[in-house]
Amino acid sequence: MASSDLEQLCSHVNEKIGNIKKTLSLRNCGQEPTLKAVLNKIGDEIIVVNELLNKLELEIQYQEQTNNSLKELCESLEEDYKDVEHLKENIPSHLPQVTVAQSWYMKSRLTYGQINDVIKEMNKAVISKYKILHQPKKSMNSVARNLYHRFIDEETKDTKGRYFIVEADIKEFTTLKVDKKFHVLLNILRHCRRLSEVRGGGLTRYVIT
């Protein structure tokens with residue numbers, strides 16, 4: 001309900017209360033047959049006022065729920081910010097030039113730029129996933145809710161407290177192709193100890209290390 005509608009409703013309630021006060025001044029004359037119609041009108045006015053007060057109470061409850069939802073959203077955004085900062089600290093913008101790993105780059109004919117692009121895309125997938133996990137459930141649409149339940153089902157005791165994604169997340173949130181070349185890149189990341197795998201339930205979970 002808009003603030004203008006709420007003000008109009010309050011004004012209407014005040015008007016009804018004023019009418020009741022005026023008619024109550026005649027209560028001592030209520031035994032007279034000619035004033036019974038007035039008393040009946042008072043009863044009708046009281047019923048109307050009671051209904052309006054019920055509407056006001058519901059509106060107040062709605063406003064309180066809205067404020068609580070906004071507070072939860074702010075807290076969620078703060079958590080998202082902390083997650084992003086953590087990811088920035090733990091996912092490198094470029095790979096260190098490890099001597100052993102250089103033979104892998106030569107054999108697979110990959111460049112540092114290609115590997116860094118994959119890291120950025122995986123970073124995007126992780127952030128997108130955990131943003132949904134920290135989103136208030138009330139604000140989720142059906143797509144986000146289905147993803148949320150999938151994320152929860154994919155967690156294990158070995159991934160508790162750790163950031164991870166699966167191939168479905170890569171397909172959902174990135175433009176990467178999950179092909180042979182992609183798995184070669186994952187092998188390089190594992191070799192550089194930037195990634196580890198947790199298998200189980202027919203899934204491979206890529207854990208950020």
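Which helix holds both Glu121 and Lys124, and how many residues apart are they? Both lie in helix α4, 3 residues apart, about one turn of the helix. The points below take up that pair first and then the rest of the model.

1. Basis. This is a predicted model, in which local features need pLDDT of at least 70 and side-chain atom pairs count only at pLDDT 80 or more, while totals for chains, interfaces and linings use all residues. Residues are numbered from 1 along each chain as its sequence is written, and side-chain values use heavy atoms, with hydrogens and water left out. Helices (H or I, at least four residues) and strands (E, at least two) are DSSP runs, numbered from the N terminus.

2. Glu121 and Lys124 form a salt bridge through their side chains, at 3.4 Å from N to O. A salt bridge here is a side-chain nitrogen of Lys or Arg within 4 Å of a carboxyl oxygen of Asp or Glu. Glu121 is buried at a relative accessible area of 17%, whereas Lys124 is partly exposed at 36%. Buried means under 20% relative accessible area, exposed over 50%, and partly exposed in between (1.4 Å probe, protein chains only).

3. Other salt bridges. The count by this rule is 5. One of them joins the side chains of Asp169 and Arg150 at 2.8 Å, N to O. Asp169 belongs to helix α6 and Arg150 to helix α5, so this pair ties together parts that are 19 residues apart in sequence. Asp169 is buried, with 0% relative accessibility, and Arg150 is partly exposed, with 21%. A network of salt bridges links Arg150, Glu154 and Asp169. Elsewhere, Arg190 forms a salt bridge with Glu197, with the closest N and O atoms 2.3 Å apart. Arg190 is partly exposed, with a relative accessible area of 26%, and for Glu197, also partly exposed, the value is 26%.

4. Thr174. This residue sits in the loop between α6 and α7 and is buried, with a relative accessible area of 10%. A polar atom of the Thr174 side chain lies 2.5 Å from the backbone oxygen of Ile170. The Thr174 side chain also reaches the backbone nitrogen of Leu176, at 3.2 Å. Such a polar contact is a pair of N or O atoms within 3.5 Å; within protein, one must be able to donate a hydrogen and the other to accept it, and residues adjacent in sequence count only if both atoms are side-chain atoms. Leaving aside residues up to four places away in sequence, Thr174 touches Glu121, Lys124, Ala125 and Asp169, where contact means heavy atoms within 4.5 Å. Glu121 and Lys124 are the salt-bridged pair of point 2, and Asp169 is the partner of Arg150 in point 3.

5. Nonpolar core. The largest nonpolar core has 31 residues, and those with the most contacts inside it are Met122, Ile132, Ile165, Leu186, Leu189 and Leu195. Two or more residues each come from α4 (112–133), α5 (142–154), β1 (164–165), α6 (167–173), α7 (180–191), β2 (195–200) and β3 (203–208). Helix α4 gives the largest share, 9 residues. A core of this kind is a set of buried Ala, Val, Leu, Ile, Met, Phe, Trp, Tyr and Cys residues joined through side-chain atoms within 4.5 Å.

6. Sheet. An open sheet of 3 strands has the order β1-β3-β2, with antiparallel pairing. Strands β1 and β2 are the edges, each pairing on one side only. Two strands count as paired if DSSP finds at least two bridges between them. Strands β2 and β3 are joined by 6 bridges, and β1 and β3 by 2. Helix α7 packs on the sheet and touches β2 and β3, its direction making about 115 degrees with that of β2. Axes are lines fitted to C-alpha atoms, for helices over the stretch in contact, and angles run from 0 to 180 degrees between N-to-C directions. Of the 6 residues of β3, 5 are buried, so this strand is largely enclosed by the rest of the structure.

7. Val198 stands opposite Arg205, Leu195 has Ile208 as its bridge partner, and Gly200 has Leu203. The hairpin of β2 and β3 has 2 residues between the strands, and in it Gly201 takes a positive phi near 65 degrees.
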